[in-house]
Amino acid sequence: MNKIKYYIILATITLFTLNGCGNWLDVSPENQVTDEKLFDDYSGFRNALNGIYQELSQQGLYGRELSWGLISVLAQDYNADRLNKAYPEVATYNYDLADTKKMIDNLWIQMYNAIANCNKLIEEIQKKDGTFFPLGKAEKDLIEGEALALRAFIHFDLLRLFAPSPKVNATGMYLPYFTTYPSKYEPKQKTSDFLQLVIGDLSKAKDLVAHFDSTHVTETGLYSATWRYTPQSINLGRFFNSRGIRLNYIAIHGLLARVYMYAGDETNAEKEARFVLEHFVASEGGEDALRFASTSELTSGKGLHTKYKSEIMFALYDDKLTDLYDEFKTTNNTRFALKAWTDFFTEDGDDSRKNLGEYNYETGLYNLLKWQSFDTEVPDVTPNFNLIPVLRLSEMYYIISECRYNTSDATNAQVYLQKVRDAYQADNRTVDMNRYQKELTLEMKKEYLTEGQLFFFYKRLNIAIENGGETVNVGNKFVLPIPEKEDVF
């Protein structure tokens, strides 16, 4: 990589709405803010931060390609014959078709552009004193912390997409880590060093965000599974609303667990995962902030609570998500039929997650309800449909289980895996520790199908993908091709 040019597109940041309740930000009434004036007022910092979240929620990124789109096709979630023209040959890892190249190039461009936006925001806010903001230093720290966390989050997923996993090559130099704005050149980092930069940013972000999230936790509803995703009237203003769709204090700890696990540092991965459970899960001795779906949500509400939002630590949000999902299917004549849904429940027939599958009589296969909406009069349910899950509570249990297994603590490895299964009523049998890898993979499939995390799970372990009776050895195709013209910015 000789050069990566990147620039900021803050000249026009469009404010987005949340669940039809008006602007998410209590800022100026205009829809657009010019770059020259953006940071003259505290509201510009709020605009800039939320503009980055909006950018990540677009269809070219987590609103489709890094959730139910491209990345789920690569994970073999779908029956390839039913994808039609939406993702031709992607399921066979042919990255050479023009449309696929364009899709991957756009991922690269949009993610580096979002990083540039983060760096511009960080640069500008570090010039300000806490007195510049209505909530003082707590607000300044919050915005700076979230920008740092976003920079780390985006860099990390770029690495997971465009470089081999550390298990394959931890010392190879593949991508640069941008920390300044503007910057036309940064050297490529060793993967191991790159991950330490991610961890460094998240660690700083965690401490900064804690200032606000600990002081205003009650007012913002961070510890409420409902308030984290449902707009509410609070004295602080709407900018501080719905902390679940922002990189909050809980989520940053969870991301650290994920990053450490990918880096192969299982000691710290387990430490961060346990921190989340012991501080924010009531059944583990913490606050009642995160929980698995309730019995009523799994039974009477099974057609509505399709995202299990009470267990989501961080999600992105698009109030047009379900419409765009339907539109994409129609435009491309694509069914997004699952490859082997019923196979996941052959031994676990009581598992309530099976209710997320909807039989399609036209294809004779199943579709997933996660990305669809339903008519409902339940106010608490509606935001569920527009969430783009990024990080779940269950991942913390899986991380602890895997770490315990790798230290020959089979007893506790089983306990933590079983806790997730019990939460979803898959308790008619105990997991077979003689086939632990298969049991863990089965759990990941049931939990994360079409959310984007399965591909990265297979890649981290560098294992073949098994689904629908097929074994797919992905090999070097786990790595997406870096755009041929790297200075496409």
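In which sense do strand 4 and strand 5 pair, and over how many bridges? Select residues 357-360 for strand 4 and residues 365-368 for strand 5: the two pair in the antiparallel sense, over four bridges. The model on screen is a predicted one.

Stay with this pair and pick Gly357, which stands opposite Leu368 in strand 5. Then move to the turn. Strand 4 and strand 5 form a hairpin with four residues between them. Select Gly364 in that turn, where phi is positive, about 75°.

Next, go to helix 8 by selecting residues 249-263. From first C-alpha to last, the 15 residues of helix 8 reach 21 Å, close to the 21 Å expected at 1.5 Å a residue.

Now look at the two ends of helix 8. At the start, select Asn248 and Ile250: a side-chain oxygen of Asn248 comes to within 3.0 Å of the backbone nitrogen of Ile250. Just after the helix, select Gly264, which has a positive phi of about 85°.

The last stop is the largest pocket, which holds about 460 Å³ of space. To find its centre, select Lys438, Thr441, Leu442, Lys445 and Glu466, the closest to it of the 21 lining residues. Then colour helix 15 (436-448), strand 7 (465-467) and strand 8 (470-472), each of which supplies at least two residues of the lining. Helix 15 gives the largest share, six residues. Coloured by class, the lining shows eight charged, seven polar and six nonpolar residues.

Key: Residues numbered from 1 in each chain as written. Predicted model: local features only at pLDDT ≥ 70, side-chain atom pairs only at ≥ 80, totals over all residues. Heavy atoms only, no water. Expected span 1.5 Å × (residues − 1). Polar contact = N/O pair within 3.5 Å; in protein donor to acceptor, adjacent residues only side chain to side chain. Pairing = 2+ DSSP bridges. 1 Å grid on protein atoms, 1.4 Å probe; cavity = no way out; pocket = protein on both sides within 12 Å on 5 of 7 lines; lining within 4 Å. Points joined across faces, edges and corners; volume = space filled by probe spheres on them. Nonpolar A, V, L, I, M, F, W, Y, C, P; charged D, E, K, R; others polar.
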